[in-house]
Amino acid sequence: NLLRLLSIPKGDAGLPRMFTVLIWILAALLLLGGGGARLIESYERLADPASIARASLVMQGIPAEALPVTLLDVDDKTHTVWGRTQRTPLPALAQLIEVSRTHGAAAVIVDFDLSSENVTDPADLALAAVLGNYPADAPPLLLARKISFSRAENDGPQAEGTLTTPYDALTLGKANVRWVTTLNDVGNDRQVKRIRLWQSVCDGQGGTTYPSVALVTAGLMLPSSPGAGTLDEFLASRANEECHGTASLPETAWPAAREASAVLPYLLPDRVDARALFRIEHQGKPSVVLLRIPAGRLVKMEAGRASLAGEVDQEPFAGRVVLIGASHADTGDIYPTPLGSMPGVMILANSVVQAKAIVAKPPMQKWLSNMVLLLLFLTFAYVARKLQGAPSILVIGLVSLAVLFVVSRLFGFADGIAIIGVAIPGFALFKLFDSLVHIG
């Protein structure tokens with residue numbers, strides 16, 4: 001059989017057999033040279049969250065108008081040196097807000113629940129002073145609002161109210177202080193692939209719609225942002241429609257996204273060695289998209305009082321969005337995502353960097369996704385019919401990459417992966433049945 005294979009006919013009839021022989025020879029040389037082990041290592045690297053993030057970046061391109069983020073992280077070491085208290089010390093949060101504001105942050109986002117189990121509990125004096133005296137010309141300050149839900153029979157969870165905080169009255173009327181939702185949508189596979197762009201809470205007389213961090217970022221902080229008036233108009237329209245059933249916003253108005261649940265195109269894995277995954281042009285110079293600083297390096301706690309641990313450099317803050325959150329093991333705020341497990345504050349970091357893509361890109365309609373999927377399947381079938389073996393696999397791979405690139409640029413990496421993830425296994429299953437039929 002081997003001699004018969006190696007006896008290659010002359011002319012066009014011998015080309016497929018010659019190609020097969022060359023593939024065999026090349027495969028044998030690769031195996032002898034340790035190619036098999038390298039192939040396994042490559043496969044493991046492909047499954048690595050940082051590799052997936054790099055692929056997403058290549059396919060989608062650098063996010064439009066992305067803002068650099070600095071994460072002040074209450075990590076395990078910080079949690080320990082601050083006394084491993086059940087709740088992050090509020091005087092330390094007050095100090096972190098102040099240092100961010102005074103060092104030129106573009107915005108400050110606090111990813112901590114400020115509500116209290118007992119409504120009569122007093123406000124922390126240090127945090128109350130910072131919030132009560134927050135200047136009108138200071139950068140936007142976003143505070144996480146905790147929303148309570150109830151589950152009706154044969155229905156999903158319904159927002160029934162919000163938990164008040166001792167700081168509500170102090171922030172009332174401050175245009176640059178907003179309460180936001182940090183809710184995620186958990187899929188059937190338990191992964192967080194989508195976030196809530198807004199959440200309406202209805203009551204008897206009216207309702208309030210809380211925006212997400214991504215929605216506020218897209219509405220207020222980007223060069224193309226429409227401004228506070230447009231953002232507030234949109235939020236009022238959502239409250240009117242979702243609480244009273246009255247639509248008041250035209251379809252052409254901002255933003256393009258009209259579904260409260262939006263796909264989050266992740267770029268940043270929860271990896272320390274992925275901090276400089278890519279750079280963006282910001283304020284006329286290249287900037288690392290994510291800086292991660294342990295909060296304990298900046299602020300120390302002594303006898304219940306917070307103070308700076310030393311001099312603080314302005315560079316990690318100036319012109320950057322500052323996120324204050326926790327990643328320590330006791331936080332209870334860890335979620336599975338397409339890039340591996342990550343704390344909620346890292347999900348927020350991804351939503352800030354991708355804010356424009358989330359809010360401004362129109363969602364891929366189901367009919368369009370199905371049409372692309374059908375065309376891709378038919379293309380695979382045509383290629384497999386015209387070509388055999390290795391050439392068909394190569395062409396199918398190139399077509400898949402091309403479709404992934406185009407869909408990622410137009411709609412997002414998640415939509416492209418969803419189409420490819422159905423088309424290739426579906427075609428493989430079709431080929432399996434087709435082969436069984438022919439064998440029969």
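For axes I used lines fitted to C-alpha atoms, for helices over the stretch in contact, with angles running from 0 to 180 degrees between N-to-C directions. Helices (H or I, at least four residues) and strands (E, at least two) are DSSP runs, numbered from the N terminus. Housekeeping: this is a predicted model, where local features need pLDDT of at least 70 and side-chain atom pairs count only at pLDDT 80 or more, while totals for chains, interfaces and linings use all residues. Residues are numbered from 1 along each chain as its sequence is written, and side-chain values use heavy atoms, with hydrogens and water left out.

**Entry 1: α6 and α7.** I looked up helix α6 (residues 90–102) against helix α7 (residues 125–132): their axes come within 7 Å and cross at roughly 30°. That makes α6 and α7 roughly parallel to each other (under 35 degrees; over 145 is roughly antiparallel, 65 to 115 roughly perpendicular, the rest oblique). I noted the crossing of α6 and α7 as left-handed, i.e. the near helix is turned anticlockwise from the far one by less than a right angle, with clockwise being right-handed. Which residues of α6 meet α7? Leu90, Pro91, Ala94, Ile97 and Glu98 do, against Ala126, Leu127 and Val130 in α7, contact meaning heavy atoms within 4.5 Å. I sorted the residues of this contact of α6 with α7 into seven nonpolar, no polar and one charged. For that sorting, Ala, Val, Leu, Ile, Met, Phe, Trp, Tyr, Cys and Pro count as nonpolar, Asp, Glu, Lys and Arg as charged, and the others, Gly among them, as polar.

**Entry 2: α9.** Eight of the nine residues of helix α9 (residues 213–221) are buried, so α9 is largely enclosed by the rest of the structure. Buried is under 20% relative accessible area, exposed over 50%, partly exposed in between (1.4 Å probe, protein chains only). Among the buried ones I listed Val213, Leu215, Gly219 and Met221. α9 packs with helix α11 (residues 344–353) at an angle of about 25°, axes 8 Å apart, which makes the two roughly parallel. Here the crossing is right-handed.

**Entry 3: sulfurs.** With a disulfide taken as a pair of cysteine sulfur atoms within 2.5 Å, I count one disulfide. Cys202 is joined to Cys243, S to S 2.0 Å. Cys202 sits in strand β9 (residues 198–202) and Cys243 in helix α10 (residues 228–244), 41 residues apart, so the pair links distant parts of the chain.
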